[in-house]
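Take a look at the structure below.

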Amino acid sequence: VAVVSLYSKFIGNDNSVVGVTVLLAVLVLRQADFGIRTTHGLASIAGIYAILMAGPRLANMVSPVPAFFVNVVCIMLLMILGCHNVIMYNHSTFVLGYLLLFGYDVSGHAYILRMEGLLVGMILCMIIFYKNQKNRPYRRKFSHLFQEFNIHSARSRWYIKLTFIVSSAMLIMSLLGLPRAMWAGIACMSVCLPFTGDCNERAEKRGMFNIVGSLLFVVLYLALPESMYPYIGMIGGIGVGYSAGYAWQTAFNTFGALSIAAGLFGMKNAVLLRIGANIFGSVYTVICSKGLDRLAQMSEQRKKITA
């Protein structure tokens, strides 16, 4: 709360999402690494923040189809730069940050302030990362992140799968003229796990507990006076912090998103949009993931036959 409040004070309420993005990155980088030398990891952090500064703004400046290609390039680079060590699950932080910045876009002077806030966050992340990770014994270099990309490896295929599913889901939402396309993208990112067999359970929890969280939000929205509405998001943040499991984290995460959207679209429309976007993203991910796996298997079988 303190970090987000400070960011909002210095770079504006429209840029409070920058505080969320930086805070999540700090919490991850104090413990996680990139699977490469620590000094080279600093280059990854610089690359990640450069994408966060430029990518979301560029994607919002163009129509949905060109934006799809911008998102594909940016999300793929975030995966390569930030998730080489798959077990660390770093992508969930950096891709989430990208999607939040994409969804809560700003322009003009507010964008300049956003870049300054992200630059400060980048420096902070570099300092904390180097201090905590400097004794890691990795031999891989920054260049290995790209050299080891191989379309036949499970890790690289997961990169491609997640990138395509997230970007195409947002494209569909945009072409349909629906707001908050990043909600579907976040749902896809959350459900698209490295192992396809794990996606079904995650999709069920994502859909079900978004409904639970939305209903809880409605109760609070109707029970609390209007002056308390800004604090509903804070209540959700506290709930996420005290939730050990994915299901209830998903439920409480709805509070912050809906507290903003309700002021823009009305409470009823915001809730329906939130539930619809997450169910769509979850189902779409499961279908696409299985379909892409099937295509990969068919391709491998054809190569064996021709060989």
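How many salt bridges does a search of the whole structure find? The answer is 6. Keep in mind that this is a predicted model. Here we visit some of these contacts.

Start with Arg136 and Asp33. These two residues form a salt bridge, and their closest N and O atoms are 3.5 Å apart. That counts because the cut-off is 4 Å between a side-chain nitrogen of Lys or Arg and a carboxyl oxygen of Asp or Glu. Now find both residues along the chain. Arg136 sits in the loop between helix 6 (109–133) and helix 7 (144–147). Asp33 sits in the loop between helix 2 (16–29) and helix 3 (38–61).

Is Asp33 buried or exposed? Asp33 is buried, with a relative accessible area of 1%.

Next, move to Glu148. Glu148 forms a salt bridge with Arg140, where the closest N and O atoms are 3.1 Å apart. Glu148 also meets the side chain of Arg155 in a salt bridge, at 3.6 Å from N to O. Which residues do these shared partners join into one network? They are Arg140, Glu148 and Arg155.

How accessible are the members of this network? Arg140 is partly exposed, at 36% relative accessibility. Glu148 is partly exposed too, at 28%. Arg155 has 25%, which again counts as partly exposed.

Note on methods. Residues are numbered from 1 along each chain as its sequence is written. This is a predicted model: local features need pLDDT of at least 70, side-chain atom pairs count only at pLDDT 80 or more; totals for chains, interfaces and linings use all residues. Side-chain values use heavy atoms; hydrogens and water are left out. Helices (H or I, at least four residues) and strands (E, at least two) are DSSP runs, numbered from the N terminus. Buried means under 20% relative accessible area, exposed over 50%, partly exposed in between (1.4 Å probe, protein chains only).
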